[in-house]
Amino acid sequence: MGRVTSSAYEWSTRHSVLTNARRTAALVNVLSEEDTGPEAVAEVLRAYGERGPLTLTEAEVSALREVARELRTVFAADGTDAAAEALNQLLARTPGALRLSAHQGGTPWHPHLDSSDEAPWGEWFLASSCLALMVLVWDQQRPPGGVCAADRCTRVYLAQGSGMARRYCSRRCATRSRVAAHRARS
Ligand SMILES: [Zn+2]
């Protein structure tokens, strides 16, 4: 891939549906840890392409944490229908209407469900997450993700590819569970 092509590729993939959905899962996970503060949240946002100074307040982190708790219901839903219902509950609370934004040329055109580009973080998190997860349900007709099946792990993950259904947040949890199951049998 040439330089121009690869930067054009990066330009669009950085804002793809899958990237947004992955950011949602990462934020739900970091916000479910009690000691997560503004800097840890900003770090995740930056890792997913957010630019600028990113100075969040404790109050904004609390608002994000509340939304993360609600978004978890989509990941915890049992089956496609339940995931769609959970998403509908949350979509009913986004301010809408659906609009396109390119953030004054700073990004490719992409859809937004929040009230404006200057919407509060909590509103943005709910709207952008619902939008991405909704497109995944639409496109794949399956739950967009799940909650890790490993003992004492509550992290969420995103369903990926078309292979075997995923059950764990990480390779580490999958291995840990396999070892535990093996011990229990022997
Ligand atoms: Zn796990």
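The structure is a predicted model, in which local features need pLDDT of at least 70 and side-chain atom pairs count only at pLDDT 80 or more, while totals for chains, interfaces and linings use all residues. Residues are numbered from 1 along each chain as its sequence is written.

Helix 4 (residues 58-76) and helix 5 (residues 80-91) have axes that come within 7 Å and cross at roughly 155 degrees; the two helices are therefore roughly antiparallel. Axes are lines fitted to C-alpha atoms, for helices over the stretch in contact, with angles running from 0 to 180 degrees between N-to-C directions. Helices (H or I, at least four residues) and strands (E, at least two) are DSSP runs, numbered from the N terminus. Contact (C-beta atoms, placed from the backbone, within 7 Å) joins E70, T73 and V74 of helix 4 to A83, A86, L87 and L90 of helix 5. Leaving aside neighbours within four places in sequence, V74 is in contact with A83, A86, L87, L133 and P144.

A residue is buried if 20 or more other C-beta atoms lie within 10 Å of its own, exposed if 12 or fewer, and partly exposed in between. Of the 15 residues of helix 7, the number buried is zero, so this helix lies largely in the open.

Note on methods
Angles under 35 degrees count as roughly parallel, over 145 as roughly antiparallel, 65 to 115 as roughly perpendicular and the rest as oblique. Two residues are in contact if their C-beta atoms, placed from the backbone, lie within 7 Å.
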